[in-house]
Amino acid sequence: MKNQIIEQTKVYVRNELGEDATGHDWFHVDRVRRNALHICQEEKIGEPFIIEMAALLHDIPDEKLNESAEKGKEKLASFFQRITLPDEAKNHIIQIIESISYKGGRKTELKTVEAKIVQDADRLDAIGAIGIARAFAYGGKKGQLIYDPNIAIRAEMSLDEYRKGKSTSIHHFYEKLLKLKDLMNTEAARKMAESRQQMMVVFLEQFYQEWDEQEL
Ligand code: ADP
Ligand code: NI
């Protein structure tokens, strides 16, 4: 029964996100799903079914991928109308998805261990080698520069500034990606974040070195 719902959800998500070029493609979702189940196993907490469903559906209502936040919510709700699941489980999954978005660093208190695990899994996929690739894919699609040394790094910003302000993909590392390691909720995720953090630090060092290499 649960297996069947998972399979049904996978088919739905693959159809919805398969070709997205902003780093929210099916493979992103599948990595988040596997990372989340791995953390659940390591920490021996949380209900795997709820975690897997929330991981699979976490990007479906994302306001960046929908006409509006409201339209995104409706899309998720209409999927839930088609599947057979107790309201309690549906509401828990929806509540996880609504609570885990980063939104410029604003901290929302996560209510359940399942939410904490899915958030960690999503954040793990935003850092490391894959995180680097996704940042430039997202930046390119959005039309922002790889880097511009004349733009200041914004340490604090409103949600609107975070989404719309002029920035570059390199700036995004300081505005978000390098901060994620210390924001992990679980020990298992913090451990997985270490080598990924190191990868980004080395990448940035090399990036500036190449940028400044030929001083004429
Ligand atoms: P958010 O809620 O912060 O938008 P997402 O997880 O939806 O986060 O972002 C999707 C991917 O795109 C992530 O890998 C994220 O780091 C990257 N991304 C988001 N905003 C930017 C940006 N301004 N520049 C480069 N990459 C970005
Ligand atoms: Ni995601």
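**A close look at the nickel site**

Guide: His 28 and Asp 59 are both buried. Please keep in mind that this is a predicted model. These two residues belong to the set of protein donors for the nickel ion (ligand 2), which comprises His 28 (NE2), His 58 (NE2), Asp 59 (OD) and Asp 122 (OD), at 2.1 to 2.7 Å from the ion. The pair brings together distant parts of the chain: His 28 sits in helix α2, while Asp 59 sits in the loop between α3 and α4 (69-82), 31 residues apart. Along the chain, the donors of the nickel ion (ligand 2) are spaced as H-x29-H-D-x62-D. The arrangement around the nickel ion (ligand 2) is irregular because its 4 donor atoms subtend angles of 80 to 165°.

Now for the loops. Lys 44 lies in the one between α2 (26-43) and α3 (48-57). Lys 44 counts as exposed, because its relative accessibility is 71%. Its phi is positive, about 55°, although Lys 44 is not a glycine. For background, most residues other than glycine have a negative phi.

Ser 167 belongs to the loop between α8 (159-164) and α9 (169-175). With a relative accessibility of 9%, Ser 167 counts as buried. Apart from neighbours within four places in sequence, Ser 167 is in contact with Gln 144, Arg 154 and Glu 175. The side chains of Ser 167 and Glu 175 are also joined by a polar contact of 3.2 Å.

Note on methods:
Residues numbered from 1 in each chain as written. Chains lettered and ligands numbered in written order. Predicted model: local features only at pLDDT ≥ 70, side-chain atom pairs only at ≥ 80, totals over all residues. Heavy atoms only, no water. Helix = DSSP H or I, 4+ residues; strand = E, 2+ residues; numbered from the N terminus. Buried < 20%, exposed > 50% of the residue type's maximum accessible area, 1.4 Å probe, protein only. Contact = heavy atoms within 4.5 Å. Polar contact = N/O pair within 3.5 Å; in protein donor to acceptor, adjacent residues only side chain to side chain. Donors = N, O, S within 2.8 Å, 3.2 Å for Na, K, Ca; no water. Tetrahedral: all angles 85-135°; square planar, octahedral: opposite > 155°, others 65-115°.
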